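Hi there,

Here is the structure I promised to pass on to you. Please open it and keep it beside you while you read my notes below.

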Amino acid sequence: MSNDKVAHWKELLKRRLASSKKDEITEEEKKEEETALFTKYYTEWRGGEKRDSSYKDIPRFYYRLPAEDEVLLQKLREESRAVFLQRKSRELLDNEELQSLWFLLDKHQVPPMAGEEAMINYDSFLKVGEKAGAKCKQFFTARVYAKLLNSDPYGRISIMQFFNYVMRKVWLHQTRIGLSLYDVAGQGYLRESDLENYILELIPTLPQLDGLEKSFYSFYVCTAVRKFFFFLDPLRTGKIKIQDILACSFLDDLLELRDEELSKESQESNWFSAPSALRVYGQYLNLDKDHNGMLSKEELSRYGTGTLTDVFLDRVYQECLTYDGEMDYKTYLDFVLALENRKEPAALQYIFKLLDMENKGYLNVFALNYFFRAIQEQMKLHGQEPVSFQDVKDEIFDMVKPKDPYKITLQDLVTSSQGDTVSSILIDLNGFWTYENREVLVANDNDSSADLDDT
């Protein structure tokens, strides 16, 4: 190889090396430039360099609950909650302050009266608010006034209605604070044991329960608590929101027992009254023929009129909690609440779960036929001519009017307001007989009413 060629190759190699070094430097510069641009745009997006630490200004919104072994933290949390609830309680109007508010309202009434109702206009309403004090400020707003405004020609509201509104609000807050004292977890709900403690300590304050023997207290508490959990805990989580307890009428029914002059009719219709609790527990004892404190399927079959079908009772013992095939008092209470309140969605949910054998979420013709066949068999035993299932099936679908013409869902039963009738037709011979003879029964009622009018 000549010297010229060697020199030429050396020159080419030098250029190639120089070119690769230049590319490496350019790549590094590109990376530096890319990093600089990213930093610049990210800083601008976050609002500038001065706001990079803005996360420190966000208030803390999550506090971890103390673990079981953190005894000191648990105690601190309990004490702080107790102090907080006491402070909230002091912010409420007491009896003297409520009485003073009534006198102020009465003093500022604006004539003329609406029948026997004393009225007040908006200007006087605001004057009373100024004189009533800081605790009453929340009640003297335009929104509250507008809420209570009816058809008064002078644009006034009833003093009594307003005062009852204030009383109701104060009572709700007092009750919420009282229930919150039993909220051991401090999460806004009560467990079964929490509600049991609340009702147990409430018994001595209810004059209508004075006659109860202390040995019956545990059964009474179980009976009362069960109604709350059956209707307010449909998913069976074992806890109920305090808000839900306040929103329903059960607490009103329970506290109605403070009235020493409560009528006999009111007591009989109130699940929480002593006569009602004794009735339910007495029925349980009467059904328990072997006196073992539990109910077998055979013992439960005598419930009510004794006309519940064996097929339905089989489903009860398949789905509900039992102990060696027998039912305890708590499970019995759920059973009673469901059958005595068949119009309620929670009761229909209980019964629907039993009727939905295959857990499909709907009832088809097969399911209806399966349960009604037991009704037909009972009719034969009583010497009656069985009714055609096809006729009953058509009537059920006509009553419910389901979205799907071949399936009946729980929502269909609730929406149709015929769930109680449908369930009675399928599970209880007496319920079916009542439905089948409804026209005769109505006619008899009308005849009885006419006879009373004549006398």
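N359 is exposed, since its relative accessible area is 67% (exposed means over 50%, buried under 20%, and partly exposed in between, with a 1.4 Å probe and protein chains only). You will find N359 in the loop between α16 (345-355) and α17 (365-381); helices here are DSSP runs of H or I with at least four residues, strands are runs of E with at least two, and both are numbered from the N terminus. N359 is not a glycine, yet its phi is positive, near 55°.

Before you go on: this is a predicted model, where local features need pLDDT of at least 70, side-chain atom pairs count only at pLDDT 80 or more, and totals for chains, interfaces and linings use all residues. Residues are numbered from 1 along each chain as its sequence is written, and side-chain values use heavy atoms, leaving out hydrogens and water.

H291 also has a positive phi, about 55°, without being a glycine. Look for H291 in the loop between α12 (274-287) and α13 (297-300). With 66% relative accessibility, H291 is exposed.

Next, a peptide bond to look at: the one from P111 to P112 is cis, with omega near 0°. P112 lies in the loop between α3 (95-107) and β1 (119-120).

Finally, turn to helix α1 (residues 3-45), where E28 is found. E28 has a relative accessible area of 52%, so it counts as exposed.

Happy exploring!
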